Amino acid sequence: METAAVLSNTATVAGRRLVRDTGGLLLRHPANKKLRNQLRFTPVNAPTTYRSVIARAVEVDSSLSVPSETVDLNWDNLGFGLVHTDYMYVMKCSLGESFTKGELVPFGNIEINPSAGVLNYGQGLFEGLKAYRKEDGNVLLFRPEENAKRMIAGSERMCMPSPSVDQFMQAVKATVLANERWIPPPGKGSLYIRPLLMGSGSVLGLAPAPEYTFLVYVSPVGNYFKEGLSPINLVVETEMHRATPGGTGGVKTIGNYAAVLKAQGAAKAKGYSDVLYLDSTHKKYLEEVSSCNIFVVKGNTISTPDIKGTILPGITRKSIIDVARDQGFEVFEKPVTVDELLDADEVFCTGTAVVVSPVGSITYLGKRVAYGSSGVGLVSQQLYSGLTRLQMGLADDKMGWIVELK
Ligand SMILES: *Cc1c(COP(=O)(O)O)cnc(C)c1O
């Protein structure tokens, strides 16, 4: 891949004076004249453009060229696996200091000391969000500042410095725009964005690592359910727990996830899609699925377990609560019992990857309860459509949840 060089500070193009502020990257791409003309300068006082967005988040003297060749991918066959893209974002800082600026580097393996805090003691967090390509060519993010705030909350729990909301946003925007050619066409899926924060410095005795790395990579993903929504079958787990009071269940720390694989694997081996966890104290109240929140519908009422430290505060959860209220449902965040679950009209899960995932059946202590006679419940369908239309820019963004990148 060719790199570009920073040229001069100002230029006049088509009668407009262009300048390199801390933002404007002046790019030279010998292989592509069109790209060179497009990407060379940031107009003075330009509205947010690629160049200024990318440049605000990276070192001023970084060199970067955005490949313009279209990607040869079968957009209709996208699943939820990793597809290598062009760039990832990396920013480092020492313990006790703050993040300043990072850079976009070619996507690839990272080098890390065997005694890094993240490898030895699990000092790490992740986030997940999506960028959608709109019909008019714009690129949309859904509530990215919520992911930034959740990473800050998690970093406090895990004794790590975190990027500020603004740094997180700039890094995400820069990474998406630098990989723009990997965003699926409208309706074919989205660009999944995976920010990581980890203790990358060496530490042998148990203590916070001396150095931290914030990294953002992306991968195009398909729509989770290709043939429309497809109901999942859950089994209630009565032995193992995902989280305990005072633990880390309420933050997106990497250590929470390997711990659910065993119960999930056992459930899958018996033909279930996933596991629904109960609270570890009473073994009576619903918590959530391995990586999704849960909702229970009865008549015009929708209930979801309240957030009390053992449940991950999902951004889809929070958004669905507002969308459901807007659609006229009465929504409660409260303790929800297994009895209420088994007595529900409809049950669904929420999360960034699935958006809304209808539950076809629940099995509890060997007893199976199925919801609806045929396929997907009306409420799940209605909420899925309400939220995805917003995320894809097809509905009026009354709540101000959408961030446009161009
Ligand atoms: C990420 C996650 C969710 C869903 O959160 P969203 O912000 O909606 O993607 C739910 N539960 C767990 C355990 C998670 O890690």
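This is a predicted model: local features need pLDDT of at least 70, side-chain atom pairs count only at pLDDT 80 or more; totals for chains, interfaces and linings use all residues.
Residues are numbered from 1 along each chain as its sequence is written. Local features need pLDDT of at least 70, side-chain atom pairs count only at pLDDT 80 or more, and totals for chains, interfaces and linings use all residues.

**Exercise 1.** Find which residues come nearest to the ligand, and which elements give two or more residues to its shell.

*Solution.* Take a residue as near if its C-beta atom, placed from the backbone, lies within 6 Å. The shell holds 14 residues, of which L312, G314, I315, T316 and T352 come nearest. Two elements give two or more: α8 (315-326) and β16 (346-351). Helices are DSSP runs of H or I, at least four residues; strands are runs of E, at least two. α8 gives the most, with 3 residues.

**Exercise 2.** State how α4 and α5 are oriented to each other.

*Solution.* Helix α4 (residues 144-157) and helix α5 (residues 165-178) pack at about 125°, with axes 9 Å apart. Axes are lines fitted to C-alpha atoms over the stretch in contact, and angles run from 0 to 180 degrees between N-to-C directions. Under 35 degrees is roughly parallel, over 145 roughly antiparallel, 65 to 115 roughly perpendicular, the rest oblique. The two helices are therefore oblique. P144, E145, A148, K149 and M151 of α4 meet V165, F168, M169 and V172 of α5; contact means C-beta atoms, placed from the backbone, within 7 Å.

Terms used: Two residues are in contact if their C-beta atoms, placed from the backbone, lie within 7 Å.
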